[in-house]
Amino acid sequence: MTDSEDDDTPQLSSHTLAALQEFYAEQKQHADPGGDDKYNIGIIEENWQLSQFWYSQETALRLAQEVIAAAGEGGRIACVSAPSVYQKLRELHREDFSIYIFEYDKRFAMYGEEFIFYDYNNPLDLPEKIVAHSFDIVIADPPYLSEECLRKTSETIKYLTRGKILLCTGAVMEEQAAQLLDVRMCKFIPEHTRNLANEFRCYVNYDSGLD
């Protein structure tokens, strides 16, 4: 290349170059978040088409603390359609617990072997390594406020749990939840990062700290 050809090559200003580098760094962070960042609530954006609404930081923490207390030392915890609770549990660095995330959205496969693909339409279609009644507590947040969704998710919950259940769903599902899972409404009211049109509540079948 001659000097004249080199002079004609477009050059980025230092400011533009810095901005471009920052943009690429942010894109890489979202594509492959590393370290603790990958457990941040919101690192994976809500997909409304999948009826995804993440808990607020405060609610995710309260629920994470509750399932830790309920599971007991060295316990096994199943998070069914409740990814923000899973993320908060892992953010707390509690390595003394076994935690699995059962989720339809394959973006959460970034969590490796702890990710279990789950479709509530096939409630018992689970891998062989997931043994019946092998979790000390199951926390579940069915994606849709319908009797069908709750009924099918309940099949999964009853298959997984050794006994304890923490269900998060709409207040309108109270009667169905009691019939299907023998759970009762708690005083604690969970909140989301976005305001939902329907009142949301927690239900348990054991003496919990949510009252």
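Glu174 counts as partly exposed because its relative accessibility is 38%; that label sits between buried (under 20% relative accessible area) and exposed (over 50%), using a 1.4 Å probe and protein chains only. This is a predicted model, where local features need pLDDT of at least 70, side-chain atom pairs count only at pLDDT 80 or more, and totals for chains, interfaces and linings use all residues. Residues are numbered from 1 along each chain as its sequence is written, and side-chain values use heavy atoms, with hydrogens and water left out.

Glu174 belongs to helix 6 (residues 174-181). Helices (H or I, at least four residues) and strands (E, at least two) are DSSP runs, numbered from the N terminus. Setting aside neighbours within four places in sequence, Glu174 is in contact with Met185 and Tyr203, contact being heavy atoms within 4.5 Å. Met185 is 11 residues away along the chain, with 7.1 Å between the two C-alpha atoms.

Now the sheet: it's open and mixed, with 7 strands ordered 3-2-1-4-5-7-6. Strand 3 (115-117) and strand 6 (184-185) stand at the edges with a single partner strand each, so one side of each has no neighbour in the sheet. Two strands pair if DSSP finds at least two bridges between them.

Axes are lines fitted to C-alpha atoms, for helices over the stretch in contact, and angles run from 0 to 180 degrees between N-to-C directions.

| Helix | Lies across | Angle |
|---|---|---|
| Helix 3 (residues 57-71) | strand 1 (76-80), strand 4, strand 5, strand 7 (200-204) | about 155° to strand 4 |
| Helix 5 (residues 147-160) | strand 1, strand 2 (98-103), strand 4, strand 5 | about 155° to strand 5 |
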